[in-house]
Each structure stands twice: as structure tokens, then as C-alpha cells.
2 protein chains.
Amino acid sequence: MEPKQLQLNAFDMNCIGHINHGLWTHPRDRSTEFGSLAYWTELARLLERGLFDGLFIADILGVYDVYQGSIDLPLKEAIQLPVNDPLLLASALLGATTHLGFGVTANLSHEPPYLFARRLSTLDHLSQGRIGWNIVTGYLDSAARAMGQNGLVEHDRRYDQADEYLEVLYKLWEGSWEDDAVLADRAARIHTQPDKVHPVRHQGEFYRVEGYHLSAPSPQRTPVLFQAGSSERGLRFAGRHAECVFIGGSNPSAVRDQVVRVRRAAEAAGRDPQSVKLFLGISAVVATSEAEARDKLAEYRRHANPEAGLAHFSASTGIDFSRYGLDEPIRYQKTNAIESVVKTFTAPGAGWTRRRLLEQHALGGRYPLLVGSPVQVADELLHWLDDTGLDGFNLTRTVTPESHADFIDLVIPELQARGRYKTAYAEGTLREKLFGAGPRLPAEHPGSAWRSLGAAPQARRLGG
Amino acid sequence: MEPKQLQLNAFDMNCIGHINHGLWTHPRDRSTEFGSLAYWTELARLLERGLFDGLFIADILGVYDVYQGSIDLPLKEAIQLPVNDPLLLASALLGATTHLGFGVTANLSHEPPYLFARRLSTLDHLSQGRIGWNIVTGYLDSAARAMGQNGLVEHDRRYDQADEYLEVLYKLWEGSWEDDAVLADRAARIHTQPDKVHPVRHQGEFYRVEGYHLSAPSPQRTPVLFQAGSSERGLRFAGRHAECVFIGGSNPSAVRDQVVRVRRAAEAAGRDPQSVKLFLGISAVVATSEAEARDKLAEYRRHANPEAGLAHFSASTGIDFSRYGLDEPIRYQKTNAIESVVKTFTAPGAGWTRRRLLEQHALGGRYPLLVGSPVQVADELLHWLDDTGLDGFNLTRTVTPESHADFIDLVIPELQARGRYKTAYAEGTLREKLFGAGPRLPAEHPGSAWRSLGAAPQARRLGG
């Protein structure tokens with residue numbers, strides 16, 4: 001068997017500080033231009049030159065107010081604040097790109113499913129099937145309060161709600177319109193055949209929807225489903241729904257472990273374990289030689305802010321690290337929030353001190369950092385891939401867009417020379433490009449079960 | 001005083017049949033391509049060539065199931081079904097245009113205000129201030145059911161809710177971030193000054209929001225506010241909030257009356273009555289000579305479907321016109337829904353029969369139809385303008401994009417020759433272009449009152 005080619009997304013966010021905090025102060029960093037379409041257009045075209053599979057756009061609805069119990073540092077260092085909408089950004093970039101996929105993050109806890117279904121169908125139409133959805137349920141209390149709730153819904157309940165939300169979406173996306181519903185026959189004056197369009201009647205625990213999907217079938221119908229949960233309940237959700245899973249981890253054995261767990265969860269849900277693609281979040285600093293790469297890293301570090309990275313980590317874990325002495329052991333209760341990030345981190349939580357955490361956030365973030373020449377970085381990437389069963393990477397930016405340009409100019413050709421990276425885009429939708437199969441959900445995916453909505457007794461007409 | 005120049009929006013929708021129904025069957029009509037970005041990009045560039053102020057994108061969430069108690073005809077004739085999202089369409093067109101404004105319709109009854117505020121701020125950033133919002137509260141029972149409600153909220157209550165919704169948005173858009181909050185000072189490591197960002201704490205009858213706006217101030221902050229309500233309660237809402245009002249009417253005296261009523265409502269709300277721009281919905285069929293225009297109209301009519309127009313009108317009024325004999329007088333109860341459309345219609349409702357309604361929908365819609373040579377159409381437009389106090393028009397499409405191309409090639413030069421239409425775009429945001437003043441809401445607009453949020457006692461920090 002040929003060794004597999006690695007798949008690659010740029011991991012970004014419609015904001016300034018995303019993962020590697022403080023680098024906005026670097027003189028060549030352009031992330032403060034994130035409100036400008038020209039900035040993003042240039043980046044998207046750069047990624048397409050590098051044959052990236054997708055631009056994965058993260059999102060958060062609340063603010064990071066755990067560290068020092070305030071948002072002062074998040075504002076000063078622009079730690080995911082301000083942050084603009086990811087879907088509207090993806091849409092704005094469609095015309096400037098042809099092949100690049102867009103993985104958009106949306107928090108289902110706050111998006112009415114009937115409207116959200118149409119939003120993604122619209123994007124899938126306009127992009128000719130280049131859309132993925134990163135399913136998140138939210139973890140910030142500040143987001144819940146902003147949305148008028150008393151507080152965050154309990155972790156496992158959020159996933160129960162998410163399961164039902166997906167069911168509603170599958171009914172709308174897969175079941176409401178049959179494939180041949182749209183005839184567009186001018187002579188016969190039949191745009192859509194009425195007997196091929198079916199109402200959704202959903203009465204669940206969390207949602208009630210009674211209506212027809214407003215959009216005709218888009219190229220992929222259901223967008224490619226991304227997910228990143230790593231708790232037991234999150235994993236069960238991923239096993240059932242996710243086609244791509246984004247994981248964190250700082251050493252190959254922990255990552256291999258997660259890869260195995262995700263594939264097992266898919267198998268437990270009756271799916272082919274190899275049908276789920278796994279992406280690891282990483283950062284890279286590359287130059288023509290190792291020495292130059294080390295110099296570049298040292299220069300970047302002078303602008304990074306480890307404390308800002310820690311403030312972000314405080315929000316992720318719910319622990320206010322500012323309240324500990326530099327060398328005081330950090331004690332915490334094991335919560336779902338912590339559980340879901342602890343795996344992404346180098347040191348086991350038990351050994352945390354603020355000093356060690358700051359060291360580990362030397363570049364402002366805590367993703368595995370590959371530093372070296374093109375050959376060295378390619379070696380490391382392929383080592384990760386072959387050693388863990390991963391399918392690819394979500395590459396974060398450091399100094400932007402410089403870090404992606406470096407990666408594309410230096411690492412991509414090295415990977416291509418080894419036959420481990422594509423030399424041209426495949427045709428078709430994002431799902432076809434990623435999986436080499438058809439544009440729609442595979443038959444074994446639970447979403448496909450709703451295609452027969454027209455045959456169900458509930459398919460009698462609404463209204464009248 | 002110079003006679004005023006007319007302002008012009010293209011009135012369209014992310015669907016096939018919008019106002020003039022049945023014309024999708026015309027061999028040169030391209031509206032069935034509405035899912036394609038290329039189709040819209042071409043249209044947007046055409047409008048920019050014609051120096052249109054904006055592309056006004058209508059929207060509807062439910063389906064038109066009143067006529068014949070079914071959606072069979074709406075599906076066959078694609079009467080605003082399928083219909084895709086307007087905001088994502090506007091965003092996709094930003095990169096292909098420089099000056100064109102986008103008036104996007106969104107139904108506030110179903111959009112959580114905290115998320116919606118960020119969506120429009122994002123669009124306003126990416127477009128450099130070219131965004132307007134057409135505020136609607138919805139009128140379809142089918143939409144309410146699709147959103148999981150038992151039925152539509154009562155008309156005047158919807159406007160109470162809308163008033164509160166706008167208050168929440170003003171707080172987020174105008175009050176949460178001060179103008180000089182963003183420093184982006186790399187040397188001082190201060191992107192945003194914490195003491196210039198204020199939390200919104202809203203506890204109202206309909207909404208509860210406790211949080212910071214997620215977006216930094218965009219060029220216009222509050223997008224240009226469009227509205228179209230014509231009921232007494234809707235008019236009070238418009239007088240308070242709307243900067244542009246879209247009206248219907250088939251004869252100058254009815255239109256003049258509405259213009260006066262809107263301006264009075266603005267005055268009653270403490271605003272300059274001339275600060276509200278009024279746009280009339282119209283259709284036009286133009287050719288180089290009157291005879292050719294008449295021929296073109298006759299040819300278009302062979303493809304239009306008056307019954308489809310009637311099905312649309314049934315949804316607007318709640319009256320199933322299919323249940324009446326051709327010459328049977330149509331009896332109905334005067335409801336808000338009817339009140340809000342009856343003014344847009346030629347004949348007084350009392351004299352309605354199905355035959356007369358079908359005649360009045362000869363081109364599939366019921367907007368005033370201007371037919372003739374460039375000189376004749378320009379004469380008529382200016383007559384409307386000068387006789388009624390209108391500021392401009394929302395021009396619907398007939399056979400698309402042909403009808404807009406005809407208008408641009410034939411009517412615009414005639415209007416320009418008379419000094420009644422601009423010969424180049426003004427610089428700046430949509431608000432600057434439309435009003436010749438600054439990019440922000442004028443001081444007398446009630447939204448401006450929330451700029452002092454930072455000085456209010458509620459401005460103490462959240463969290464901690």
C-alpha cells in the first residue's frame with residue numbers, strides 16, 4: 001500500500017489572537033487587519049496556492065473572563081476578542097477561491113436549527129459544495145449569559161441536545177427534498193415537483209420544527225461534519241456524526257490513543273472506522289536551514305506573550321492561573337472542561353505550576369511546535385502521521401500570513417517530492433476531495449437514514 | 001433648489017420567483033441559476049455599472065400555503081420557494097463590488113439579537129460600511145410553526161418586541177465599544193483599551209442580554225435601517241427607527257399620502273422628517289421606442305403567470321382567492337395583514353374579484369409597471385418623484401438580468417442627461433452615500449442615545 005498523503009487545513013479564526021497569542025505585536029504580523037476582506041482574500045489565495053484542503057475557521061461566542069476575573073488582558077492582547085462571524089467570512093471568500101474548502105464553526109446551542117439549516121445550504125450552493133461545519137456546543141458561561149440564559153447547560157446534556165439538533169438538520173437537509181424534486185422544466189411550467197418535497201415534523205425534547213426545508217438540495221446536502229469533542233460523551237457524539245475530528249495532543253502516544261478511540265467510537269456507531277479523518281492541531285516555524293528556523297523562532301518569541309496564552313488556557317479549563325504563585329502546584333477539580341483540554345497539553349495536569357505553564361506557552365500557545373528546515377519539518381509531520389494513524393493537520397498561524405507562506409514555499413514542495421502531498425486539487429466537492437468518494441454522506445452514516453422521509457407516514461402535506 | 005436626484009435600489013431575493021411570477025419560464029430569464037455565485041456576481045457588477053445605490057435582498061421564512069391550502073403552485077412556479085439566505089449572499093458579493101450597498105432582510109422574531117448584532121457588524125466590517133438592514137417581524141404562520149412556535153405572535157406585539165430588539169442592538173452596536181477603544185499599539189501591547197469597552201446589561205420584557213459586543217466598531221456601527229411597515233403600529237416603529245422606508249402604492253395620491261405619513265411619524269419621534277428616505281417598489285419594461293416596449297411587454301406576458309401572482313397575494317392577505325368564482329365579489333375581514341398590503345394595490349379591496357385581480361397581475365406581480373421608451377419611463381419616474389415627495393425606487397426584475405440591463409442602458413443615461421441621476425458614486429459608506437452626511441447614525445436618531453453606555457451606572461465590569 002502506498003503511504004498515505006497528508007491532508008491539511010489552515011486553522012484560523014475571524015479575530016486577531018487565535019492560538020499563538022501576542023504575535024499581533026510582531027512588525028510583520030497582519031492579523032490586526034482581520035476586519036478587511038483584502039487581508040482574508042490574500043490569505044485564501046495563498047492557501048489555495050499551497051493546495052490546502054480547507055480553511056478551518058474557529059469561533060467563540062463569549063469572552064475569556066476567568067484569568068484575573070476580567071477581560072482586561074484579553075482586550076489588551078486581543079485574545080479572541082474582538083471576534084467576528086465565521087460564516088459570513090467564509091461566504092465572502094468564495095468568489096476569490098475555486099477549490100479551497102471552508103470549515104465553519106457554529107455553536108448549535110444558540111442557532112435555531114431551521115434557520116441554520118438554510119444558512120449552510122446557502123453556503124453549500126454558493127460554494128458548489130465546499131462547506132464543512134465544525135459542530136460545537138459551547139463551553140463558556142459568558143456566552144450563555146450573553147444569550148440570556150442563566151448559565152451553561154450541563155456538559156452531557158449539551159450533547160443530548162446536539163444529537164437531537166443533528167437529527168433535525170438531517171431531516172431538513174437529507175429528507176425534505178428528494179434528489180429529483182427540482183425539474184426546472186420551463187415548457188411544462190414545473191420548477192419543483194410537489195410530490196417530491198416533504199414536510200419535516202419534529203417534536204423532540206429540545207426542538208420542535210414543522211415545515212419544509214427552504215433550500216433545494218445543495219451539492220453535498222449535509223456539509224462535511226467536523227467535531228472536536230474528546231470527553232466520553234463527546235466521543236460518542238463524534239463516533240456517530242463526525243466525518244472529520246480535530247484533536248489535540250503533544251506526544252505521539254497520546255495522539256495515537258485518541259485516534260484509536262475515535263475510530264472505535266465510529267465502529268461502535270456502525271460506521272467504517274477508516275471513514276473518519278483525524279486532524280491534529282500544530283504550529284510550525286520553518287526556514288531554509290535549522291539555524292535560521294531557530295533564529296526565527298527566537299525572534300517570534302520576543303513578540304509572543306506566554307501570559308496571554310495562559311489567560312486563554314484559563315478560559316479553556318476554568319482555572320484562574322493568576323491566583324497561583326509561580327512555583328505553587330496548581331490544584332483543580334477534574335471537570336469536563338478540563339478533561340477536554342488536558343489531552344492537548346504537554347505536561348500532565350498534576351505537575352502544573354504557573355512557571356511551567358508559561359514556559360510551555362513560550363510562543364503564546366500550546367500546540368505541538370515543529371521547528372526546523374523543510375526536511376526536518378516534513379520528517380516530523382510524516383513521523384506523526386505514520387506513527388499515530390492521523391490523516392492530517394490543522395496548521396495554526398504564528399506571524400501571519402508569513403508563517404503560512406513559509407510553510408507553502410518550503411515544506412509543501414518537500415512533502416510533494418516524497419509523494420506525501422497532492423500536486424493538484426481533485427475535482428468535486430469538499431467531501432469528494434477529502435474522501436475520494438461521492439458528494440453526499442455515505443449510506444452507513446446515520447444522517448442518510450433520513451433520506452426516506454418521503455416514504456414515512458409523517459410525509460403527508462402540511463397546511464390546508 | 002436643484003430638483004433632487006432619484007435614488008435607486010435593485011429589489012431582489014435569493015430565489016427564483018420574487019415579485020413578477022412565472023417569468024422564470026422565459027427563455028432568456030436566468031433566475032433558476034440563483035444558487036450560483038457567478039449569476040449573482042454578474043448581476044451585482046451590472047448594478048454597479050448602473051450606479052445603483054444598493055441591492056435590496058428580500059426574504060421570507062415560511063411558505064405560501066394559503067392559496068388552494070397547499071404549496072403545490074408555489075413549488076411548481078417557484079414562488080419564493082426555494083429561497084436561500086440573504087446575508088450569506090450579500091457577503092459573497094462584497095469582493096466583486098466596490099460601491100454597491102446591500103440591504104439585507106432579516107426577521108428579528110427568529111434571530112437571537114446577540115448573534116445577529118455580530119453578523120451585521122461582521123458584514124459592515126468586510127464591506128467597509130456598505131450594509132443596510134431591512135427590519136421585518138414576519139407575518140407567516142408557517143414560519144412560526146417551522147420555528148417551533150404555536151403560531152404567529154400578534155401584530156402589534158411583534159412591533160413591541162421589535163422596539164426592544166432594536167434597543168438591544170443599539171446598546172451592542174453603539175454603546176459597548178467607544179470610538180477610540182481600539183488602539184492597536186504594538187509597542188505598548190494594547191490592542192483594545194479595557195476601560196473603553198462596556199458591558200450591555202439588558203433585562204427587558206422579551207430579551208435578556210448580559211455581555212460585551214463581540215465586534216469592534218464597524219464603519220457604520222448600526223447599519224442603515226430599512227423598514228416597510230405601513231400599519232399604524234408599523235408606522236410608529238418606522239418613525240422612530242427607519243432611515244429608509246420601502247413603500248408600495250399604485251397611484252401618486254396614495255403614495256403621496258404614505259410619504260406624508262412616514263415623515264410625520266419621524267417628526268413625532270423627534271427626528272427631521274426629511275431625514276427619512278422613501279423608496280417605491282416599481283417594475284419597468286423599456287425599449288428604444290414605445291412600440292418595441294409594448295411588444296416586449298406582450299412577449300413577457302406570454303411567460304408570466306397571473307395565478308402565481310395571486311397565490312403570492314393570497315399569502316400576503318391571508319385570503320384564499322382560489323375559493324371564489326371569477327366574478328364573485330371577494331369578501332374578507334380587515335386584518336393587519338390585509339391592511340399592510342392593500343395600499344400597494346391598484347383597486348380598492350372592496351371591488352376585488354378574482355378576474356380583476358388576475359388582470360392586475362398580468363405580469364405576475366402587482367407593482368406599478370412603467371412601460372415605454374427611455375424618455376417615457378424617465379418622465380414617469382420623475383413625475384412620481386416630484387409629485388409625491390418620494391426619494392427613489394426599488395426596481396424589481398422582470399426577465400432577469402435583461403430587465404436591469406435594459407434599464408441601465410436606456411433609462412439611466414436619460415436620467416443623467418436631465419441631471420436627475422448621479423454620474424459617479426460618492427465615496428464612503430452606504431449611509432454617507434445615501435444621506436450625504438457622516439457614516440454613523442445622526443445624533444437625533446434614538447439609536448445614538450446609547451452611545452453613552454460607558455457613562456451609565458450599568459457600565460461596571462461583568463465577571464470577576
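## The contact between the chains

In this predicted model, 81 residues of chain A are in contact with 82 residues of chain B. Together the two chains bury about 6700 Å². Carbon and sulfur atoms carry 58% of that area. On the side of chain A, A:Leu88, A:Arg186 and A:Arg189 lose the most area to chain B. These residues together account for 12% of what that side buries.

## Polar and charged links

The interface of chain A and chain B holds 10 salt bridges. In one salt bridge, the side chain of A:Glu210 meets that of B:Arg145, at 3.6 Å from N to O. Polar contacts join 40 residue pairs between chain A and chain B, counting pairs with both residues at pLDDT 80 or more.

## What chain A brings

Both helices and strands build the side of chain A that touches chain B. Among those that each supply at least two residues are helix H1 (37–49), helix H3 (86–92), helix H5 (141–146) and strand E8 (208–211). H4(A) gives the largest share, 8 residues. By type, this side of chain A has 37 nonpolar, 27 polar and 17 charged residues.

## How the copies are related

Which rotation superposes chain A on chain B? The rotation is 180 degrees, with 0.0 Å of shift along its axis and an RMSD of 0.0 Å. This is the relation of a two-fold axis. In chain A, the C-alpha of A:Ala92 is the nearest to the axis, 2.1 Å from it.

The copies meet through the same surface, because 100% of the interface residues of chain A are also interface residues in chain B.

Key. Residues are numbered from 1 along each chain as its sequence is written. Chains are lettered from A and ligands numbered from 1 in the order in which they are written. This is a predicted model: local features need pLDDT of at least 70, side-chain atom pairs count only at pLDDT 80 or more; totals for chains, interfaces and linings use all residues. Side-chain values use heavy atoms; hydrogens and water are left out. Contact means heavy atoms within 4.5 Å. Buried area is the accessible area (1.4 Å probe) that two parts lose on being put together, summed over both. A salt bridge is a side-chain nitrogen of Lys or Arg within 4 Å of a carboxyl oxygen of Asp or Glu. A polar contact is a pair of N or O atoms within 3.5 Å; within protein, one must be able to donate a hydrogen and the other to accept it, and residues adjacent in sequence count only if both atoms are side-chain atoms. Helices (H or I, at least four residues) and strands (E, at least two) are DSSP runs, numbered from the N terminus. Ala, Val, Leu, Ile, Met, Phe, Trp, Tyr, Cys and Pro count as nonpolar, Asp, Glu, Lys and Arg as charged, and the others, Gly among them, as polar. Copies are superposed by least squares on the C-alpha atoms of residues with pLDDT of at least 70 in both.
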